[in-house]
Each structure stands twice: as C-alpha cells, then as structure tokens.
Amino acid sequence: TVYRASTTAPVNIAVVKYWGKRDPKLNLPTNSSLSVTLSQADLRTLTTASCAAAFGGDSLTLNGELSDISGARTQACFRELRARRAALEAADPSLPKLSAMGLKLVSENNFPTAAGLASSAAGFAALVQAIANLYELPDTPAQLSIVARQGSGSACRSLFGGYVAWRMGDKEDGSDSMADLVAPASHWPNMRALILVVSAAKKGVSSTSGMQQTVATSGLFQQRIANIVPANMATMEEAIQRRDFAKFAEVTMRESNSFHACCADTYPPIFYMNDISKAAIRAVESINAKAGKTIAAYTFDAGPNCVVYYLDEEAPTVLGAFSGVLGGVTGWKEGSAGVKSSVRL
Ligand code: DP6
C-alpha cells in the first residue's frame with residue numbers, strides 16, 4: 001500500500017522583519033515578526049507526501065529535480081513529525097506503522113524559484129503540513145508552525161493565511177516560539193501586493209548567514225531588537241485591527257529601512273538593495289507625495305526585489321506610476337493579499 005496526502009502553502013512577506021537568531025540550531029529569533037500572506041493563486045508551493053513499506057529511504061523532488069535532504073533542518077522536520085506519528089501508533093496499535101516507512105515528497109512552486117521570492121518559507125510549510133496530513137496528526141497549525149520554524153524561520157508564518165505574527169517566545173526549547181493568526185485575509189480584503197522582480201539572480205548572502213553576521217557585529221541591531229521592533233509590532237497589530245493603511249504603510253517602510261540599515265551596519269556591510277531597488281523606493285515616495293497621503297508602502301527582504309502594498313481602490317494610481325519605473329524590472333506580478341491576481345512574469 002502507498003499512503004498519500006497533498007497540501008499547498010502560501011508565500012508570506014514580512015512587514016515586521018525577522019532578522020537575527022538567539023539559537024541558530026532551533027531557529028529561535030531575537031525578535032517577533034509579522035507578515036502578510038500572498039494569494040495562493042499567485043505564489044504557493046504544492047507538496048505531495050507519500051510513504052510505503054517498499055520505499056527505501058526518504059526523498060524530496062522540487063520542481064522535477066531531486067533535492068538534498070541531508071541538511072540538519074530538513075532532518076529535524078522529518079524527525080519531529082515521525083516522533084509525533086510514532087506516539088499515535090504506540091497509543092493505537094491498529095494504526096499502520098507509517099513512521100517506520102520511507103517518505104517520498106514531491107514539491108512544485110507555481111512561480112519561478114529563481115525569482116528570489118521567499119520560496120523556502122512556502123516550501124518548508126508545505127512539507128510539514130503535507131507530512132502532518134499523511135500521518136493524520138491532530139496538531140493545530142500553531143503546533144505545526146513549531147516544526148516548520150526548524151526548517152526555516154519564516155516558514156512558521158506560512159502555516160496560516162492572512163496577517164500572521166511569529167511570537168518569539170522565551171523558552172530555551174522553542175516550545176513557545178510559534179506563529180499566531182492576527183487577522184484572516186478577509187479582514188482587509190482590498191489589500192494588494194505588487195511584486196517587482198528587480199533581479200532573478202540568486203542572492204549574494206543567504207539570510208541564515210547574513211543575520212548571523214549582523215547579530216555578531218552590528219551595534220544598531222541591539223537597539224533594533226530592544227526598542228524598535230517591540231514598538232513596531234504593537235503599532236502594526238493595531239494598524240491591522242483598525243485597517244489603518246497609513247500606519248500600516250509607515251511601519252512597513254520603517255521596518256524595511258531599519259532591517260537594511262542593520263545590514264549596512266554589519267561589519268563588513270551587507271547590501272541587498274541595488275540601484276533599481278532604490279528607484280522603487282523613490283517611486284513610492286513620489287506616489288505618496290503626489291497623493292498627499294500614504295497610499296503605497298515598499299518592503300525588501302534579503303534581496304533586491306521590491307514588494308509594494310496598496311489598497312485596491314488606489315490600483316490605477318499606484319500601478320500607473322510604476323509602469324514608468326519598470327524599465328529595469330524583469331517581470332512583475334500583482335496579487336491580492338488573499339483572493340485574485342493577475343500574473344505577468
Ligand atoms: C529578510 O526565514 O529565510 O525574509 O531561518 O535562516 O531560514 P532562516 O531565515 P529565513 O529569513 C527570512 C528573513 C527575511 C525577513 C522575514 O521574512 O521576516
């Protein structure tokens with residue numbers, strides 16, 4: 001018999017950034033973070049997990065190519081999920097012993113992996129959820145987010161849709177460092193995201209190593225985790241609850257700036273944004289200046305690509321303004337934070 005289950009997980013883009021680990025083995029962060037989930041019609045990973053006594057070892061195929069699963073993070077996810085299944089099997093001997101079988105995972109992204117969009121977040125979230133479905137685990141998304149976090153920190157936020165917080169927790173074993181739903185996408189249905197693919201090249205410094213260098217060398221970073229992020233988390237959560245776009249936008253832009261300032265304060269410095277990224281920032285500034293109010297917000301992760309948040313009613317103004325600066329942009333993609341989208345990549 002072959003046992004099988006499938007699932008999808010969305011991409012999330014942080015508006016309060018995760019940058020820094022207090023425990024690199026368990027992916028325990030130095031601060032809480034908050035993200036907006038993008039529509040699965042646009043950006044998602046689809047994963048099928050299967051197991052059978054006849055399967056030799058474990059394997060993972062990503063976009064048609066065999067992936068290396070020997071890494072400590074992938075192994076930690078497999079180990080945790082198997083242990084949870086083994087506990088169910090021990091309690092009920094009539095259950096098939098899936099925990100002893102080889103696992104076969106097949107994953108596909110509906111967007112080019114090379115676009116440099118947070119694919120590891122959706123990837124680990126889908127992997128964990130697919131295996132949990134296969135094993136029929138009773139765990140809640142929050143409990144599974146603890147497992148996904150060990151694959152990639154930001155993956156814990158992709159177990160939910162909508163507006164999602166990752167509470168840093170303070171326990172040494174990480175049992176309280178998990179994701180939590182702030183509001184479903186339906187709470188703010190006119191939220192939109194424009195993704196400017198500035199460069200599809202693989203990023204220079206990985207997040208994992210970049211944040212380690214920042215933690216070790218940046219003085220500014222200490223100020224960020226002690227004061228800036230806690231204040232931004234509180235303001236952001238309130239802005240989302242009240243659907244206050246201007247506040248949401250201000251914190252989003254300040255957070256991106258603060259994160260990239262800490263990268264520049266890392267010694268030696270790390271630069272993720274390029275000249276086109278900076279042109280996108282100026283374009284957003286000019287859109288807001290012309291409108292006389294804040295109608296667009298930019299954010300950048302560990303790469304040059306820009307995500308712009310705006311409300312649907314401002315689409316003509318925001319998209320119109322961007323068509324002028326799309327010269328150096330290789331592709332772009334528009335999508336709601338939950339429902340529909342159009343794709344041009
Ligand atoms: C800048 O989750 O990719 O996108 O835990 O080492 O896998 P690891 O890092 P990762 O870092 C994401 C950093 C970020 C900000 C964010 O998503 O919050």
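This is a predicted model: local features need pLDDT of at least 70, side-chain atom pairs count only at pLDDT 80 or more; totals for chains, interfaces and linings use all residues.
Trainee: Okay! How many residues does H7 have, and how far does it reach?

Mentor: Helix H7 covers residues 275-291, so 17 residues by the DSSP run. From first C-alpha to last, H7 reaches 24 Å, close to the expected 24 Å.

Trainee: Which residues of H7 are buried?

Mentor: Ser-277, Ala-280, Ile-281, Ala-283, Val-284, Ile-287 and Asn-288. They span an arc of only 155° around the axis, which means they sit on the same side of H7.

Trainee: And which ones are exposed on the other side?

Mentor: Those are Asp-275, Arg-282, Ala-289 and Lys-290.

Trainee: What do the buried residues of H7 pack against?

Mentor: Several elements, including strand S12 (191-197), helix H6 (245-264) and helix H8 (315-323). Strands S13 (296-300) and S14 (306-311) are also among the partners.

Trainee: What caps the N-terminal end of H7?

Mentor: Asn-274 does, with a side-chain oxygen 2.9 Å from the backbone nitrogen of Ile-276. Just after H7, Gly-292 has a positive phi of about 75°.

Trainee: Switching to the ligand: how many residues surround it?

Mentor: 17 residues, and Tyr-18, Lys-21 and Ser-152 are among the closest. Helix H4 (residues 207-217) gives the most to that shell, with three residues.

Key. Residues are numbered from 1 along each chain as its sequence is written. Side-chain values use heavy atoms; hydrogens and water are left out. Helices (H or I, at least four residues) and strands (E, at least two) are DSSP runs, numbered from the N terminus. The expected span of a helix is 1.5 Å times one less than its number of residues. Buried means under 20% relative accessible area, exposed over 50%, partly exposed in between (1.4 Å probe, protein chains only). The arc is that of the directions from the helix axis to the C-beta atoms. Contact means heavy atoms within 4.5 Å. A polar contact is a pair of N or O atoms within 3.5 Å; within protein, one must be able to donate a hydrogen and the other to accept it, and residues adjacent in sequence count only if both atoms are side-chain atoms. A residue is near a molecule or strand if one of its heavy atoms lies within 4 Å of it.
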